[in-house]
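Here is a short briefing to read alongside the structure. Have the viewer open, and let's walk through it topic by topic.

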Amino acid sequence: MERADIAIIGTGPAGISAAITSVIRNKKIILLGKKDLSQKMQKAEEIRNYPGFPKISGRDLAHAMTEHLESLNIEIMERQVTQVYAMGKYFSLQLAGKESGTDMAEADAVILATGVMPGKLLPGEEELLGNGLSYCATCDAPLYKGRRVAVIGYSPKEEEEAAFLGEVASQVIYIPVYKGEPRKMKNVEVVRAVPKAVKKGGAERIIETDREPVVTEGIFILRDSVSPGQLVPGLEMDGPHVKTDRSMKTNLPGLFACGDIAGLPYQYIKSAGEGNIAALSAVSYLGSL
Ligand SMILES: Cc1cc2nc3c(=O)[nH]c(=O)nc-3n(C[C@H](O)[C@H](O)[C@H](O)COP(=O)(O)OP(=O)(O)OC[C@H]3O[C@@H](n4cnc5c(N)ncnc54)[C@H](O)[C@@H]3O)c2cc1C
């Protein structure tokens, strides 16, 4: 596996800006996120406070940023990062994305630009993580071969992961937390209920719902993003945000955070500005190795 200088996680304004500055500073990067950049950009009808664009839609701003990336030959690797491990002198990233299976990426420095996660964790989620609760079907499905599992899916795209689990587990209970009817999946039973909490009961993992509890041997919670404290073990948080200094350094040497994830106010230009600072700080860190 070829190691990058900097891995940038997230393709909102913070990640895009970090990628642009890193590449201009001749660093080899991997940019992980979505090709349509960020839902928060796609959904903004009219932006009036981004310098250079007096009145622009989020989609058009995303388009302009994509063109900027293309002009520098920066490609987006469309994968979700499920875990970042600090290995001492480098970082190892676990990637999910069904089409090409699970694999890992390595980088000397990491910039977290993952935005803030909408909604709250379920009560019990943090305690169970790694102990019968997983965020990545592709990564952890083999652990549940021939066993009964439940999947809480926060968007229709998670049906693909549930279908994959259906091929491995003895039975899958799928709880969609969105409107619309999930597609038919082999070995997958759809249960309409509102998850309220998760807990352990001996060898069983239980989802408390507004109806009957769902009792299985493993729980998968699949949503677009995971909280940064769970993504990076040992990362110091300040409430829902990653604790950084003004150079966007975190408590982990070589790991930087920028954009909404690094604190209020939630604004495009603040995110882009911090992405620039994070990249320059990462470049300076690489120079010190
Ligand atoms: C409807 C709406 C209108 C808004 N209007 C304005 C406005 O007019 N002016 C203004 O300044 N701000 C506005 N905002 C706020 C602005 O959208 C945010 O401040 C900005 O998008 C934050 O940028 P970011 O790069 O930090 O994060 P985001 O834009 O949230 O991008 C984060 C990216 O990281 C990806 N990601 C997350 N986790 C992972 C992972 N584990 N692996 C890979 N990728 C991951 C996400 O999918 C996403 O693509 C608006 C927001 C909304 C919702």
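This is a predicted model: local features need pLDDT of at least 70, side-chain atom pairs count only at pLDDT 80 or more; totals for chains, interfaces and linings use all residues.

## Briefing on the model

Proline 265 sits in the loop that runs between β17 (255-257) and α8 (268-287).

**Domains**

- The domain assignment of the protein chain gives domain 1 as 4-117 + 225-287 and domain 2 as 125-222.
- Between the C-alpha centres of domain 1 and domain 2 there are 29 Å.
- Contact between the domains involves eight residues of domain 1 and eight residues of domain 2.
- On the domain 1 side that touches domain 2, the classes are two nonpolar, five polar and one charged.

**Around the ligand**

- The ligand is surrounded by 34 residues, and the closest are Gly10, Gly12, Ser38, Gly115 and Gly259.
- Sorted by class, the shell around the ligand has 15 nonpolar, 14 polar and five charged residues.
- At least two residues of this shell come from each of α1, α2 (39-42), β4 (80-86) and α8.

**Helix α6 and what covers it**

- Helix α6 spans residues 159-168, and its buried residues are Glu159, Glu161, Ala162, Ala163, Leu165 and Gly166.
- The cover over the buried residues of α6 includes the helix α5 (137-140).
- Strands also take part in that cover, including β8 (148-153), β9 (171-176), β10 (188-190) and β14 (218-222).
- As background for reading such a pattern, an α-helix has 3.6 residues a turn, so residues three or four places apart point the same way.

**Two residues with positive phi**

- Asparagine 26 is not a glycine, yet its phi is positive, at about 65 degrees.
- You will find asparagine 26 in the loop between α1 (13-24) and β2 (29-32).
- Is asparagine 26 buried or exposed? Asparagine 26 counts as exposed because it has 8 C-beta neighbours inside 10 Å, and the cut-off for exposed is 12 or fewer.
- Methionine 248 is not a glycine either, and it has a positive phi of about 70 degrees.
- The loop between β16 (241-242) and β17 holds methionine 248.
- Methionine 248 counts as buried because it has 27 C-beta neighbours inside 10 Å, where buried calls for 20 or more.

Definitions and conventions. Residues are numbered from 1 along each chain as its sequence is written. Helices (H or I, at least four residues) and strands (E, at least two) are DSSP runs, numbered from the N terminus. Two residues are in contact if their C-beta atoms, placed from the backbone, lie within 7 Å. A residue is near a molecule or strand if its C-beta atom, placed from the backbone, lies within 6 Å of it. Ala, Val, Leu, Ile, Met, Phe, Trp, Tyr, Cys and Pro count as nonpolar, Asp, Glu, Lys and Arg as charged, and the others, Gly among them, as polar. Domain bounds come from an automatic or database domain assignment.
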